[in-house]
Amino acid sequence: MTELEFPVAPPRTDGALTEVAPGVLWMRIRMPIALDHINVWLLRGDDGWTIVDTGLPTDETRALWERVITQNLDGAPVEAVVCTHFHYDHAGLASWLGERFKVPLYMSLGEFLMMRMFARVTEIVLQPEERRFFAQAGMPAERATRVFAALGSDPFLPPRLDQFRRLRAGDVLTIGPRRWKVIIGEGHSPEHVCLYSGQDGLLIGGDQLLPGITSNVMVNAFEPDGNPLALWLESLDRLERCRDDTLVLPSHQKVFRGAQVRVQQLRDHHRQQLETLQRRLAEQGECTAYEAMLALYPHLRGAANDLMALGETTAHLSWLRHRGLIGRRLDPDDIFRYNVTKAAADEEMHW
Ligand SMILES: [Zn+2]
């Protein structure tokens with residue numbers, strides 16, 4: 001296979017359900033943001049349904065779930081909710097669904113804790129470490145202030161989660177006739193759950209394997225020396241081992257075949273970004289993360305995009321730095337400047 005295949009037409013976003021494999025239903029939920037929908041999955045068990053991912057915490061989404069669960073699921077109850085990761089389009093209604101239908105919530109520990117941490121995001125953005133991260137990246141104070149304001153006033157902030165059931169790498173969830181093995185992805189979120197049925201060649205990929213967009217991989221202020229791109233690339237290696245004919249059920253866009261092709265496209269994308277940064281540094285000698293961001297993303301609009309772009313640029317700079325291909329210096333003005341190291345200047349990047 002050299003190209004992705006999209007064998008299933010997507011359902012409408014009004015609660016319509018499309019069966020993508022026996023007992024596996026695809027529902028699309030509208031979202032009032034640039035990424036205008038999320039895919040969620042309903043898995044038929046012996047006695048009821050398991051919901052995978054929830055949509056954003058809005059009245060419209062709650063009403064949609066009420067209607068679908070009471071009218072469209074053959075009268076069988078909801079048994080459980082699984083969230084692939086903590087981002088609010090995936091887990092924003094986890095606590096509501098759990099309380100409303102009295103069902104357990106399955107997540108990884110990493111995602112559960114992140115969700116609890118971000119329930120206090122308004123306190124987090126006031127921390128001096130948070131502000132220093134942006135200042136040290138060289139982002140002008142005015143622009144950074146806009147980012148904090150956006151972070152601290154997220155309209156989709158869900159309530160704090162209080163309890164969960166833990167999913168770990170290699171765990172198996174048996175739902176109806178099917179065994180789903182947990183594959184953990186890192187880099188986009190700390191401990192992202194994918195569910196893989198090797199028997200049927202089905203992968204619920206979450207945001208780890210999207211067909212037409214690249215998931216945000218960012219360095220965060222709370223882990224400023226992290227190397228999330230290395231974690232992300234390692235995760236792609238794990239997903240590449242799925243069966244050739246695996247039908248990938250991604251969280252956004254269309255269901256597709258061609259996991260290996262997509263993995264390679266994503267690797268190529270990140271390699272290009274890394275090469276662009278290396279070339280720029282070789283030409284200019286040094287730059288801040290903010291200047292590198294403007295080079296990679298010259299047409300940014302809005303504070304949320306600034307946040308993701310700065311984090312993503314820093315993730316690429318960090319990958320190069322952890323490899324010893326570039327260096328970093330904290331100048332007396334408390335801004336990090338990246339530069340080409342002497343040893344790496346003539347060396348080809350090994351991939
Ligand atoms: Zn996500």
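A: What follows takes the packing of the helices in turn and then moves on to the sheet.

The model is predicted, and local features are described where pLDDT is at least 70, side-chain atom pairs where it is 80 or more, while totals for chains, interfaces and linings use all residues. Residues are numbered from 1 along each chain as its sequence is written.

Helix 8 (residues 228–240) packs with helix 9 at an angle of about 160 degrees, their axes lying 9 Å apart (axes are lines fitted to C-alpha atoms, for helices over the stretch in contact, and angles run from 0 to 180 degrees between N-to-C directions). That angle makes helix 8 roughly antiparallel to helix 9, a term for angles over 145 degrees, with under 35 counted as roughly parallel, 65 to 115 as roughly perpendicular and the rest as oblique. On the side of helix 8, the contact is made by Leu 229, Leu 233, Leu 236, Leu 239 and Glu 240, and these meet Ala 259, Gln 260, Val 263, Leu 266, Arg 267 and His 270 of helix 9 (contact means C-beta atoms, placed from the backbone, within 7 Å). By class, the residues of this contact divide into seven nonpolar, two polar and two charged.

Helix 9 (residues 259–284) also meets helix 10 (residues 289–296), where the axes come within 11 Å and cross at roughly 120 degrees. Helix 9 and helix 10 are therefore oblique to each other. In this second contact, Gln 273, Thr 276, Leu 277 and Arg 280 of helix 9 face Ala 292, Ala 295 and Leu 296 of helix 10, and the residues involved are four nonpolar, two polar and one charged.

The sheet is an open one, built from three strands in the order 14-16-15 with antiparallel pairing (two strands pair if DSSP finds at least two bridges between them). Its edges are strand 14 (286–287) and strand 15 (326–330), each of which pairs on one side only. Strand 14 is joined by two bridges to strand 16 (residues 336–340), and these two strands run antiparallel; Cys 287 has Tyr 338 in strand 16 as its bridge partner. Helices (H or I, at least four residues) and strands (E, at least two) are DSSP runs numbered from the N terminus.

Technical notes
Two residues are in contact if their C-beta atoms, placed from the backbone, lie within 7 Å. Ala, Val, Leu, Ile, Met, Phe, Trp, Tyr, Cys and Pro count as nonpolar, Asp, Glu, Lys and Arg as charged, and the others, Gly among them, as polar.
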